[in-house]
Every structure is written in structure tokens, then in C-alpha cells.
Amino acid sequence: MPVPSARLKTLTAEQLDFYASKQWPQLEEVTIRWHGGYGYVTGYLPGDEELPLCRLHYLGSDTDWDFALYQASSQTYEEALLPNGHPTGTPQEALDCAAGLYLADPTAWIKPPTD
């Protein structure tokens with residue numbers, strides 16, 4: 001199983017937190033806790049309330065990651081498809097899918113056409 005470099009882990013976490021600050025202002029911060037090739041993404045709501053969102057799985061590409069949604073009911077992660085129907089994508093796409101679900105904003109899944 002490939003494991004991202006320390007540099008890629010840091011870069012991914014910084015980029016995802018910056019992206020979240022623009023796209024998801026409801027979240028005060030987004031962090032990634034790493035375990036091998038897996039990154040566990042947590043959002044923080046006001047008052048330091050933790051909101052587990054999703055798990056990223058590094059596949060060897062900086063831009064193509066496997067994705068699993070956090071299931072609050074069972075406190076586990078379940079493999080999921082992104083709204084575009086693909087099982088893999090960018091960390092930002094995974095964040096949009098999970099945050100759209102947990103912050104009740106499905107407009108995150110609707111992207112305007114790019115002609």
C-alpha cells in the first residue's frame with residue numbers, strides 16, 4: 001500500500017484547510033490525522049465541536065484519492081462514490097461530498113457546467 005510522503009501529507013492538509021475556509025465557512029478548521037496511507041478528515045465547528053467527515057486513501061497520485069464517508073450511526077467509514085459517480089477524486093471533492101452531507105448543503109454536489 002503506498003504511503004504519502006511527509007511533504008505531501010502537510011501540503012494536502014494545508015490545501016484542504018485553505019479550501020474549506022473559502023468553501024465551508026461554517027467550519028473553523030479542517031485537519032487530517034494520518035495513519036499509513038489513510039488520512040482521517042475532521043472539521044471543527046464553533047466551540048471546538050469535532051465533526052468527523054471522511055477518510056482519504058492515498059493511491060499513489062497527488063490528485064486521485066479513494067474516499068470513504070464517516071457513518072455517525074456506526075462510527076465507521078464506508079467506501080462511497082463522489083457525487084460525480086466516481087469512486088476516486090481530489091481531497092477537495094471528498095470534502096465537498098462529506099461536508100455537503102453533514103452540513104446539510106447539497107448545493108456542494110452541483111457544479112455548474114464547464115463549456
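A residue is called buried under 20% relative accessible area, exposed over 50% and partly exposed in between, with a 1.4 Å probe and protein chains only. The model is predicted, so local features need pLDDT of at least 70 and side-chain atom pairs count only at pLDDT 80 or more, whereas totals for chains, interfaces and linings use all residues. Residues are numbered from 1 along each chain as its sequence is written, and side-chain values use heavy atoms, with hydrogens and water left out.

1. P25 sits in the loop between helix 1 (6–23) and strand 1 (29–35); helices (H or I, at least four residues) and strands (E, at least two) are DSSP runs, numbered from the N terminus. Although P25 and L45 are 20 residues apart along the chain, their C-alpha atoms are separated by 9.5 Å.

2. The salt bridge. How many salt bridges does the structure hold? The structure holds one, a salt bridge being a side-chain nitrogen of Lys or Arg within 4 Å of a carboxyl oxygen of Asp or Glu. Its partners are E79 and R55, whose closest N and O atoms are 2.9 Å apart. The pair links distant parts of the chain, with E79 in strand 5 (residues 76–79) and R55 in strand 3, 24 residues apart. R55 is buried, because its relative accessible area is 14%, while E79 is partly exposed at 48%. In general, side chains of opposite charge can pair when their charged atoms come close.

3. A negative surface patch. E28, E29, D48 and E50 form this patch. Patches are made of residues with over 30% relative accessible area and no salt bridge, where like charges are joined within 9 Å and nonpolar side chains (Val, Leu, Ile, Met, Phe, Trp, Tyr) within 5 Å. Asp and Glu count as negative and Lys and Arg as positive, while His and the chain ends are not counted. One member, E50, belongs to strand 3 (residues 49–58) and counts as exposed because its relative accessibility is 51%.

4. D48 is placed in the loop between strand 2 and strand 3 and counts as exposed at 61% relative accessibility. Q75, another residue other than glycine, has a positive phi near 55°. Q75 lies in the loop between strand 4 and strand 5 and is exposed, with a relative accessible area of 62%.

5. Two buried strand residues. Is T42 buried or exposed? T42 is buried, because its relative accessible area is 13%, and its place is in strand 2 (residues 38–45). Not counting residues up to four places away in sequence, T42 touches E29, V30, T31, E50, L51, P52 and L53, where contact means heavy atoms within 4.5 Å. H57, in strand 3, counts as buried at 15% relative accessibility. With neighbours within four places in sequence left aside, H57 is in contact with M1, G37, Y38, W65 and D66.

6. G60 is found in the loop between strand 3 and strand 4 (65–71), and at 42% relative accessibility G60 counts as partly exposed.

Note on methods: Accessible areas come from the Shrake-Rupley method with a 1.4 Å probe; for residues, only the protein chains shown count as cover. The place of a charge is taken as NZ of Lys, CZ of Arg, CG of Asp or CD of Glu.
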